[in-house]
Amino acid sequence: MRTIPGYIITTFGLLGILFCTDVQMAGGQGNTILAENKFTTSFRFKDYNDEKGNRKHNPEPEQIYGPIYSVGPLTVCVYLLKTSEGLVLFDAGYARDGNLVPDNIRKLGLDPAKIKKIFITHWHGDHSSGAAQISELFGAEIMVQKLDAEILRSGIYRGDTIGQPVKKITGIDDGQVFCFGDAVVKVIHTPGQTPGEVVYLVTVNGPQGECRALVAGDATGFKSTVEEFERNKYPGVCRDYEKTVSILKSIEFDLYLGGHPHQVFNEMREDGSPFVSREQWHKMVDNRHQQKKDFLKAHPEYADM
Ligand SMILES: [Zn+2]
């Protein structure tokens, strides 16, 4: 693993955009990026309940596109990236799920001892609490934006124990780029859920060519009940979220890898395909932004945060 300066990845990004544009012009499709037409996958984000309203079992691990796999439980997403330099995880699910993620990795014929790094989107327990055990068992290094790092390091949030403290942890920040073979991971700081929430723009090669995946965590979300807002608020949260909305809408990507499956099947594509269009993405972010505006209208006492 090595890090490379941001300007190099910017160049790659431009080449990617040019390549997509060429393909579309050849097909006479005009000037919008039709990501959903270029890539296909049989992977679908699935509803949590069956037709009778019963909760489904955890899904089997599954390839999403090229070297990217889904290895998490039913309601929160954990993604695996297979590279020539080992395995990389994005988020780690719940601690209470125990060996579910390592077992899913084994089911894919891969060895969890090869997990090099776990990139966390934000410290909330559904995404991060499983990381401590995976790190302990397999020596994986936990990578988290530096403003969220202390909570994971100590396992304490506002005086409450929220998880096992972790030792092997590195604070990362906006603009950092990590390369694993030909896969590239770029950190984009998108605070709002937590001060250190990030999304990862991950460029991989797959059967239909280079693909830009957005590991988005819950960055689109705003805590829109008093109880949730109180639990998660911090100085600057509302201003942060406003900036994050613009950042999220500006990111060009092909494959949406969110923090929870419902972000796709409820909010962007009923069929659950992870290849969402730019329009679907913008509509989802706008809807969630509206929830924030409605909340602050009803609770103006929070508007200046
Ligand atoms: Zn979540």
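## Basis of the model

Helices (H or I, at least four residues) and strands (E, at least two) are DSSP runs, numbered from the N terminus. Under this scheme T40 falls in the loop between α2 (35-38) and β2. Residues are numbered from 1 along each chain as its sequence is written. The model is predicted, and local features therefore need pLDDT of at least 70, side-chain atom pairs count only at pLDDT 80 or more, and totals for chains, interfaces and linings use all residues.

The pLDDT, which is the predictor's confidence in each residue on a scale from 0 to 100, has a mean of 89 over the chain, with 88% of the residues reaching 70 or more. Over residues 5-35 the pLDDT stays under 50, and for that stretch the model has 21 contacts beyond four places in sequence, two residues being in contact if their C-beta atoms, placed from the backbone, lie within 7 Å. Where pLDDT is low, the predicted coordinates should not be read in detail.

## Overall composition

The chain has 10 helices and 15 strands, and buried residues make up 41% of its 305 residues. A residue is buried if 20 or more other C-beta atoms lie within 10 Å of its own, exposed if 12 or fewer, and partly exposed in between, with C-beta atoms placed from the backbone. Of the contacts in the chain with a separation of 6 or more, 63% are accounted for by residues 24 or more positions apart.

## The nonpolar core

A nonpolar core is a set of buried Ala, Val, Leu, Ile, Met, Phe, Trp, Tyr and Cys residues joined through C-beta atoms within 7 Å. The largest such core has 71 residues, and those with the most contacts inside it are Y79, I118, Y200, A213 and V215. Strand β13 (residues 198-206) gives the most to this core, contributing 6 residues. Leaving out residues up to four places away in sequence, A213 touches I68, V202, V204, F253, L255 and L257.

Two strands pair if DSSP finds at least two bridges between them, and 7 strands form an open sheet of mixed pairing in the order β2-β3-β4-β5-β6-β7-β10. Strands β2 (62-65) and β10 stand at the edges with a single partner strand each, so one side of each is left without a neighbour in the sheet. Neighbouring strands of this sheet are turned by 25° against each other on average, direction ignored; axes here are lines fitted to C-alpha atoms, for helices over the stretch in contact, and angles run from 0 to 180 degrees between N-to-C directions.

Strand β5 (residues 86-90) pairs with strand β6 (residues 115-119) in the parallel sense over 4 bridges, and L89 has I118 in β6 as its bridge partner. Helix α5 (residues 131-138) lies across β6 and β7, running at about 160° to β6.

## Helix α6 and strand β8

In helix α6 (residues 146-154), the residues D148, A149, I151 and L152 are buried, and the buried residues of α6 pack against α4 (125-128), β7 (141-145), β8 (156-157) and β10 (169-172). Just after α6, G155 takes a positive phi of about 75°. I156, which lies in strand β8, counts as partly exposed with 14 C-beta neighbours inside 10 Å. Apart from neighbours within four places in sequence, I156 is in contact with I151, T161 and I162.

Phi of D91 is near 60°, a positive value in a residue other than glycine, and D91 lies in the loop between β5 and α3 (100-107). D91 is buried, with 27 other C-beta atoms within 10 Å. R158, although not a glycine, has a positive phi of about 45° and lies in the loop between β8 and β9 (160-161). R158 is exposed, with 7 other C-beta atoms within 10 Å.
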